[in-house]
Amino acid sequence: QALDRAGLDPADLDLVLVATESYDEMLPGCSPVIADRLGAELSASADIHAACTGLLTAMDLAAAQIETGRADNALVIGAEMVSKFLDLTDRMTVPLMADGAGALVLSAREGASRVGPSVFRADGALWNLAYVPRTDYRFRMAGGDTFQFAVQSLADVTREVLERAGLTIDDIDVFAYHQANGRILRAVGAKLGLDADKVLSVVEWIGNPSAASIPISLDHAIGEGRLEDGDRVLMAAIGGGAIWGACLVEWGG
């Protein structure tokens, strides 16, 4: 569907990046298999292992490849099957998490919209905020600590990326945050003084599908007529690692 909207054939793809934590096999990764099934057999491909921030990380890497002339067309996918890692007795995680997939196409075009600037941060000392241990492969999360850190971190990177761009909150048309949960979205909005009508919130319909949440929320916005060519979109996410970041995009459909 993303390729159709972009007017591209799979054979036009130079790069396929898949952000996921829920690989089908230990080896190979998802990306070469997806590229093959799409008909982009000879494209470069890689899986991105960055939890809920994976889609943004993959998008930033794809944009860099295009900006340096190493690729013309890239497909960036966020796809998760979180359900296979859930402990169904854990009321802290089961009601929040979801399975899902979404995709974005980035292309080098004359006069095209922009991706960036971006800000990414990581702190491995916070690995136990959200993790899946090899002992039982079940997702665990420190709910209270994760909430507080998520709100502060998302607010911080929002301010940082705006400062890098020389823009203010009022210059942004759409805020597309990772759909972690409704409380986090509302708390970030309150902390930054955001116009609620500009903040995408579909978590009540889709839950938290990790790396897939931002492209799914963008697709909802397109369907509702809330996202148009030329809009400035600020995307931000935080995930296990801990890894968090934000990126500004001038939207082009």
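Is Tyr131 buried, partly exposed or exposed, and what is its relative accessibility?

A: Bear in mind that this is a predicted model. Tyr131 comes out at 26% relative accessibility; buried would need a value under 20% and exposed one over 50%, so Tyr131 counts as partly exposed.

Counting aromatic pairs gives 3. One of them is Trp127 with Tyr131, an edge-to-face arrangement with 5.1 Å centre to centre and 70° between the planes. The angle cut-off for that label is over 60 degrees. Trp127 is partly exposed as well, with a relative accessible area of 48%.

For contrast, take the aromatic pair made by Phe175 and Tyr177. Those rings are stacked, 6.2 Å centre to centre with 10° between the planes. Phe175 is buried, at a relative accessible area of 1%, and Tyr177 is buried too, also at 1%. On the subject of rings, there's a charge to point out: the charged end of Arg183 sits over the ring of Phe147, 4.1 Å from its centre.

Now on to Val132. This residue belongs to the loop that runs between β6 (130–131) and β7 (140–141). Val132 has a relative accessible area of 36%, so it falls in the partly exposed class. If you skip its neighbours within four places in sequence, Val132 is in contact with Phe85, Tyr137, Arg138 and Phe139.

Next, the sheets. One of them is an open sheet of 4 strands, ordered β5-β10-β9-β8, with mixed pairing. At its edges you'll find β5 (115–122) and β8 (174–177), each of which pairs on one side only. Neighbouring strands there are turned by 10° against each other on average, ignoring direction. Inside that order, β9 (residues 232–239) and β10 (residues 243–250) run antiparallel and are joined by 8 bridges. If you want a landmark, look for Leu234, whose bridge partner in β10 is Leu248. Helix α4 (residues 143–165) packs on this sheet, where it touches β5, β8, β9 and β10, and its direction makes about 145° with that of β5.

There's also an open sheet of 4 strands in the order β2-β1-β3-β4, again with mixed pairing. Here β2 (44–48) and β4 (99–107) stand at the edges with a single partner strand each, so one side of each has no neighbour in the sheet. The twist averages 15° from one strand to the next. As a reminder, strands of a sheet pair through backbone hydrogen bonds, either parallel or antiparallel. Strand β1 (residues 15–19) pairs with strand β3 (residues 73–81) in the parallel sense, over 5 bridges. Ala19 gives you a handle on that pairing, with Gly78 as its bridge partner in β3. Lying across β1, β2 and β3 is helix α2 (residues 30–38), which runs at about 135° to β2.

So, back to where you started: Tyr131 counts as partly exposed at 26% relative accessibility, and its ring pairs edge-to-face with that of Trp127.

Definitions and conventions:
Residues are numbered from 1 along each chain as its sequence is written. This is a predicted model: local features need pLDDT of at least 70, side-chain atom pairs count only at pLDDT 80 or more; totals for chains, interfaces and linings use all residues. Side-chain values use heavy atoms; hydrogens and water are left out. Helices (H or I, at least four residues) and strands (E, at least two) are DSSP runs, numbered from the N terminus. Buried means under 20% relative accessible area, exposed over 50%, partly exposed in between (1.4 Å probe, protein chains only). Contact means heavy atoms within 4.5 Å. Two strands pair if DSSP finds at least two bridges between them. Axes are lines fitted to C-alpha atoms, for helices over the stretch in contact, and angles run from 0 to 180 degrees between N-to-C directions. Rings of Phe, Tyr and Trp (its six-membered ring) pair if their centres lie within 6.5 Å; planes under 30 degrees apart count as stacked, over 60 as edge-to-face and the rest as tilted. A charge sits over a ring if NZ of Lys or CZ of Arg is within 6 Å of the ring centre and within 35 degrees of the ring normal.
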